[in-house]
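Please look it over before reading on.

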Number of protein chains: 2
Amino acid sequence: MLTIANRMQRIQPFYVMELLARAKKLEAAGRPIIHMEIGEPDFITPQPIIQAGKAALSRGETHYTAALGLPQLRQAISEYYQKRFSVDIAAKRIIITPGASGALQLVLSILINPGEGVLMADPGYPCNRHFVELVGGKPIGIAVDESNNYQLTTELVSQHWNSDCRAVLLASPSNPTGTLMPIDELRKLHQFLQQQGGILIVDEIYQELIYDQSPTTALSIADDIFIINSFSKYFGMTGWRLGWLVAPEEAIEPIDRLAQNIFLAASTLSQHAALAAFSEETTEILEQRREIFGQRRDYLFTALKEIGFSIPVKPQGAFYLYTGCQPFTENSSQFANQLLETAGVAITPGRDFGSNKPEQHLRFAYTTHLEKLEQGIEQLQQFIHHNQ
Amino acid sequence: MLTIANRMQRIQPFYVMELLARAKKLEAAGRPIIHMEIGEPDFITPQPIIQAGKAALSRGETHYTAALGLPQLRQAISEYYQKRFSVDIAAKRIIITPGASGALQLVLSILINPGEGVLMADPGYPCNRHFVELVGGKPIGIAVDESNNYQLTTELVSQHWNSDCRAVLLASPSNPTGTLMPIDELRKLHQFLQQQGGILIVDEIYQELIYDQSPTTALSIADDIFIINSFSKYFGMTGWRLGWLVAPEEAIEPIDRLAQNIFLAASTLSQHAALAAFSEETTEILEQRREIFGQRRDYLFTALKEIGFSIPVKPQGAFYLYTGCQPFTENSSQFANQLLETAGVAITPGRDFGSNKPEQHLRFAYTTHLEKLEQGIEQLQQFIHHNQ
């Protein structure tokens, strides 16, 4: 019998993977399934990026890059921050990582000692707490709800902060709720953390996927905030596994040292391809997609509310709706399973996102065509009708 | 002032990176440098693999794969084990990872509790001990030398084993010494560990890069050995960041759970490209390269010995020669720096590989053309001549 390390008791699977596996089985048996469970754009990577990848292959760009990344990509991201957000971020502060996952691992590994607390919103992205567990830290989930726009507030953080706490990790827009942290509230939180000697880490991987306003960055507030970002979501490069990290200058040396050891570097090919991610041609494609996501959100938000799901705050970003399902069930996991089996619609139950009333919540991802969403809504309605 | 986590005090940089940076600076200033420091094949990825990558891009293969990897790639590796090594390894026991680095991280994270010891050879691959540090484990370096072929023996392991020890991590062929662990010795070590309830982890990333005999795998011994492997070295895919792990069946579930959380998956494109790594066409290219590496080894081994470097055991594999430099210096780091500055030859000092007499050793990598190696040897000879 193999003995598995204790930390693994605290690392949960993505429960939705089981549901996804079941959905694929049903599909393999000829049953059409509408996928609203997947946190990945349905679009393939924009053609200019694909072409840049092919060109890099033709040039034989197959060797390692430096651990911190391709200098010209770090420079391109620096210019993107200047152009898009009017913030000056020196290229040397930008570190290219194997996905945002790589960035999260680097930040938490260089900052968190065993036993130290990291505060985060519950519901939130499940991997966050597992990355904290991996370094022996203590993930502290703080329940958020409609009263605080499903985001941490300085007040909430100060209520939970103690001398063992080391950092706050938040996402704006958030997964699963799609809500934003207002920049003024972020500024207050940053001030509070400065006073406490705490660190602010902001996940901005859905930064550009917002629908009613212009995107912002926490980098406009201060230089000592750690920023996680990614080419996966807005840039449509999930399978390429490429992200980046912006860190204060004094953190670069330990990050470099760790990245050399645990990653060597991010994929060379992905880095060369990503150089095309900021071109005008690509931006045009991405902005069209953003509009499509916005239309889907508007449709799905209205449709789910009409059915009776509770969405007290209209999500401003990402591609998720996190809904209260109490009118229909007190057991969202069971509901999701039955919905899949009976109606062929796949959604993600709340328990993947924390322990704050997960059984009263369901996440709908609008990562599929509008017609599919419409069809899914119809099947969902029929399912609810038959079960009442 | 940013406070960095304590573990980072125990995570060293690759010292050779400084030397490499200096070498690049000299090159940028117009000085030709002969690179014998780099642990990466000089060849670009074989064309059939590059073409498979391009074809995958044309098909739009840009979404995530399952966390454990593309089923057809896992199957292809299973067939490779059957065909090449006559061992039956079910595809479900094969996990595709972001480089061998990803495989190492998964294995150590699911197995090692804080405080538990992992035994390894010194000199050895430096990242190994840092991966152990990352999970709070205790890397225990065991000095090896010519008397044991620069490999652990059951006797050495049993001398260092205690109740806090959990695993032995060894590499065959080894980096930096290029020596093999004889399969009979490996079998004895496995038996010893079974008695102790310890785990055997074998790094086989240089498995196919051996020059005087047929390659073997520790999988021929037992099913409870963890195997680390990679597409980087023999298959020439360093920049693609792709490796694999073979694990006992009961370890797959926790590995899947952790991989979902910390990697999501390895690069989709790299996985599709790697499907071409086992084709006859690719194998032909790789075998030609293996012959070239063998010629380089033979040349460099003889040349360095003639100069007076000590290489008591002829390395059978990898692309390194780990040499005693006592006839010339008691400070290999200084020697390497001066050799670069004065003679334009870059090599890696021993201190990157542990604390077993590092200042008396230098690693020469034969990852450059034979003519370059010859030129490097000439410049090395002149350097030594002028300094005596």
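Reader: At what angle do helix H10 and helix H12 of chain A pack, and are they roughly parallel or perpendicular?

Author: In this predicted model, helix H10 (residues 280–307) and helix H12 (residues 370–386) of chain A have axes 10 Å apart and an angle of about 10 degrees. Axes are lines fitted to C-alpha atoms, for helices over the stretch in contact, and angles run from 0 to 180 degrees between N-to-C directions. Helices are DSSP runs of H or I with at least four residues, strands runs of E with at least two, numbered from the N terminus. Because angles under 35 degrees count as roughly parallel, over 145 as roughly antiparallel, 65 to 115 as roughly perpendicular and the rest as oblique, H10(A) and H12(A) are roughly parallel.

Reader: How do the residues of the contact of H10(A) with H12(A) divide?

Author: Two residues are in contact if their C-beta atoms, placed from the backbone, lie within 7 Å. On H10(A) the residues include Tyr299(A) and Leu300(A), and on H12(A) they include Leu373(A) and Ile377(A). Ala, Val, Leu, Ile, Met, Phe, Trp, Tyr, Cys and Pro count as nonpolar, Asp, Glu, Lys and Arg as charged, and the others, Gly among them, as polar. The division is 9 nonpolar, 2 polar and 1 charged.

Reader: How many residues of chain A are in contact with chain B, and how do they divide?

Author: Chain A brings 56 residues into contact with 56 of chain B. Among the helices of chain A that each supply at least two residues to that side are H2 (47–58) and H8 (252–262). The residues of chain A on that side divide into 30 nonpolar, 20 polar and 6 charged.

Reader: What is the radius of gyration of chain A?

Author: Chain A has 12 helices and 12 strands. The radius is taken over C-alpha atoms, and the globule rule is 2.2 Å times the number of residues to the power 0.38. For 388 residues the rule gives 21 Å, so chain A is as compact as a globular protein of that length, with a radius of gyration of 21 Å.

Reader: How are residues and chains numbered and lettered, and what pLDDT do local features need?

Author: Residues are numbered from 1 along each chain as its sequence is written, and chains are lettered from A and ligands numbered from 1 in the order in which they are written. In this predicted model, totals for chains, interfaces and linings use all residues, side-chain atom pairs count only at pLDDT 80 or more, and local features need pLDDT of at least 70.
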